[in-house]
Amino acid sequence: MQSKGERKTLGVLPLIIAVVMVAAGALIVANNSVWSIMRADAEANAHSWGSFLFDDVPAIDDVIAGRVPLENAVAYMWGRNEFGTLKRFRVYDKTGIERMDSAQVDFRPIRETTSPNRNPTAAKVFAENESDFTFHDDVNEQIVDDKVVRGHTYTAHTLVPLIQGDKAIGVLEVISDETDNWKALRSKFEWAGIQIIGLVVLAFMLPGFLYMRRTGQLEFTTNRLRHTVEYDALTGTLNRSAFTSLLREQISGANAHGLSVAVHFIDLDRFKNINDALGHAVGDQLLAATAQRLRRVLGTRERLARLGADEFAIMQPFHPSATGVVEQFGHDIVHEMARAFFIDGSEIQIGATVGYAVSPKDGETVDEIIRAADIALAHAKSTARGEAEAFDPSMEAERQVRQHIEARLRHALAHHQFDINYQPLYNIDGKELRGFEALLRLKDEQGKPISPEIFIPIAEEMGLIGAIGHWVLEQSARTAREWSDDLIVSVNLSPLQFQTHDMPQVVKSVLEQTGLPAHRLELEVTEGVLIIDTDKVLTALREIKDLGVSIALDDFGTGYSSLAYLWSFPFDKLKVDKSFMTDLAVEGSKSREILATIVALGKVLDLKITAEGVETKEQIEVLRALDCDLVQGFLYGKPLDSDALASLLTDRVQKEAMERASQRLQHSVGKASVVRKLA
Ligand code: C2E
Ligand code: CA
Ligand code: CA
């Protein structure tokens with residue numbers, strides 16, 4: 001394949017060749033013209049010198065005949081020896097024998113027939129009646145200021161027939177110095193040559209220029225078109241299809257050269273919220289700024305693309321021996337994205353999560369590697385937000401499990417296949433039942449339970465928690481409505497429900513529909529609920545509390561445990577996380593002291609303290625010593641399904657009835673003994 005540069009050179013090449021050829025032609029023409037001008041000039045000079053000789057030197061025919069003329073004629077001729085460019089002349093007879101040489105230094109220029117010096121050229125000139133011209137370039141060296149200076153002397157030798165009347169009688173050879181003539185003509189013709197070349201170049205350049213302009217425009221349009229097809233208009237990065245085809249080329253090229261290619265998938269963490277809150281214009285600016293940021297981490301070989309709304313990808317070719325470069329690159333991306341953006345006067349803290357995979361290790365084809373990077377990103381998003389995570393084959397299995405759970409959740413919601421178990425809550429003495437905590441249950445197709453700790457976060461991510469939470473609330477309220485009036489039901493709420501729903505309104509309508517008195521409903525929230533938009537959530541919680549519903553702070557001691565929350569909101573109850581119970585048995589743990597502090601704090605703030613996860617007698621002893629209020633745990637009762645709940649409640653009713661009967665009996669027995677005593 002030809003590169004763009006090669007194509008351009010090929011286009012210009014014929015133009016250059018044409019110009020060079022025209023220039024060379026012009027030089028040859030100039031040279032020839034100089035030559036023929038010089039020749040014509042020299043011949044004309046020789047002829048006029050010849051007629052001068054006949055006109056002014058009457059003895060010339062004597063000379064040709066080999067007779068020595070009169071002394072004064074010789075002297076006259078000698079006086080004409082050097083004249084203008086004329087340097088020397090010779091006279092030959094018709095057979096070419098030299099009869100006279102103006103340069104003979106012995107003042108006897110005339111040759112007598114005794115020593116004939118024959119010039120065949122002269123004989124030829126006479127015989128053919130045609131002049132002869134030769135041009136000599138002699139290099140001479142002169143010493144000027146101790147330096148050798150080379151110079152040229154150009155001499156013309158012109159042989160013309162000597163004509164008397166209209167008859168040739170001999171041959172005249174004229175030797176003239178043409179150096180100045182030659183130089184003058186040369187420079188004139190050279191200048192003319194340059195002008196011709198200039199004109200030719202111009203003549204060629206105009207169409208050439210137009211041609212280049214056209215091809216340039218064509219290339220520009222082609223590039224523009226390619227840009228629109230291959231690049232994302234908003235961010236100027238490659239788009240998905242260009243990225244995949246580039247990746248395909250890279251992978252096959254890299255495999256051939258023993259190289260590896262990493263693919264990093266980058267997802268902006270809170271882009272949707274920002275887009276919703278600040279508007280699409282800001283969202284667009286943020287995406288463009290993100291691309292700008294990501295370009296900062298690119299080296300010369302990495303390529304950036306935008307794959308979807310807020311999803312970017314970077315391809316990173318690397319040498320397999322360079323361990324850690326891919327990991328480092330992933331961290332660099334996260335680090336770069338962790339800094340705040342400033343857009344339209346707002347400071348935006350967004351952050352990104354990265355999942356990456358490496359070819360050929362994690363996949364040999366484009367599809368495999370993209371899938372692997374996608375899995376790594378999905379994994380990172382659910383377990384390691386704001387970090388970079390490498391693909392691991394175990395994620396594949398996890399993903400399948402997750403997809404299965406997602407399907408189960410959708411199905412269960414549509415077909416009412418969730419269950420609720422109820423775990424009893426007791427007074428610290430373990431005798432008085434106070435109510436139940438509603439705990440959601442979901443089974444897989446084989447009837448095996450899926451832990452809510454697994455499916456609830458997935459439901460939250462899927463955006464189903466609002467609907468599910470509403471169902472739990474309504475169902476628990478309906479169930480609790482059937483219990484005796486002194487029992488409460490405690491329902492867990494996800495922080496997300498406060499973001500997506502008007503919770504006070506939801507609670508109010510559930511109470512109305514089920515007829516459960518508000519004081520018998522308790523809602524459990526975790527500190528997580530207070531992290532986002534604290535004021536809004538606090539207001540909602542207050543409105544719920546105003547309905548007469550009580551609010552418990554769940555899993556206390558595990559989260560941020562900011563005391564500020566406790567001051568700013570009047571919770572009714574603290575549920576101490578079950579990890580404190582497990583820790584009690586651990587030697588050297590401060591669990592007991594912390595529990596003591598929490599209980600003391602509860603007393604000051606007038607909060608009831610519930611201990612969760614109570615499993616042993618040792619734990620209950622500690623809790624009693626600390627004067628905890630309520631307990632919940634396997635020691636007192638596991639979460640119960642509806643049958644188990646029904647029998648517990650029936651037992652309770654029977655037990656209470658029996659207790660009441662025995663109290664009555666004791667009462668009447670007591671009365672009888674008093675009567676007997678009195679009697
Ligand atoms: P949680 O609110 O802290 O619920 C208490 C969890 O501790 C329950 O687990 C319960 O079965 C378990 N537990 C009770 N006593 C003991 C004990 O003595 N020892 C041990 N080891 N565990 C005990 P479960 O039912 O698996 O629920 C787990 C979490 O799922 C709950 O923690 C709660 O955060 C969430 N969850 C359950 N149901 C719902 C619901 O309807 N809505 C929401 N939003 N979350 C729920
Ligand atoms: Ca709870
Ligand atoms: Ca809890």
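User: Which residue in β11 is the bridge partner of Leu268?

Analyst: Ala352 is that partner. The model is predicted: local features need pLDDT of at least 70, side-chain atom pairs count only at pLDDT 80 or more, and totals for chains, interfaces and linings use all residues. Residues are numbered from 1 along each chain, chains are lettered from A and ligands numbered from 1 in written order, and side-chain values use heavy atoms, without hydrogens and water.

User: What makes β6 and β11 a pair?

Analyst: Strands are DSSP runs of E, at least two residues; helices are runs of H or I, at least four. Pairing takes at least two DSSP bridges. β6 (residues 260–268) and β11 (residues 352–359) have 8, in the antiparallel sense. They therefore count as paired.

User: Why do β7 and β12 stand at the edges?

Analyst: The open sheet has 5 strands, ordered β7-β8-β6-β11-β12, with mixed pairing. β7 and β12 each have a single partner strand, so one side of each lacks a neighbour in the sheet.

User: How do you know that helix α6 packs on the sheet?

Analyst: Contact means heavy atoms within 4.5 Å. Helix α6 (residues 240–256) touches β6, β7, β8 and β11.

User: What makes a residue part of the lining of the second largest pocket?

Analyst: A pocket is an open set of points on a 1 Å grid over the protein atoms alone, where a 1.4 Å probe fits, with protein on both sides within 12 Å along at least five of seven lines; a lining residue has an atom within 4 Å of a point. Tyr426, Lys431 and Asp651 are among those that line this pocket. Helix α21 (residues 642–678) gives the largest share, 6 residues.

Terms used: Axes fitted to C-alpha atoms, helices over the stretch in contact; angles between N-to-C directions.
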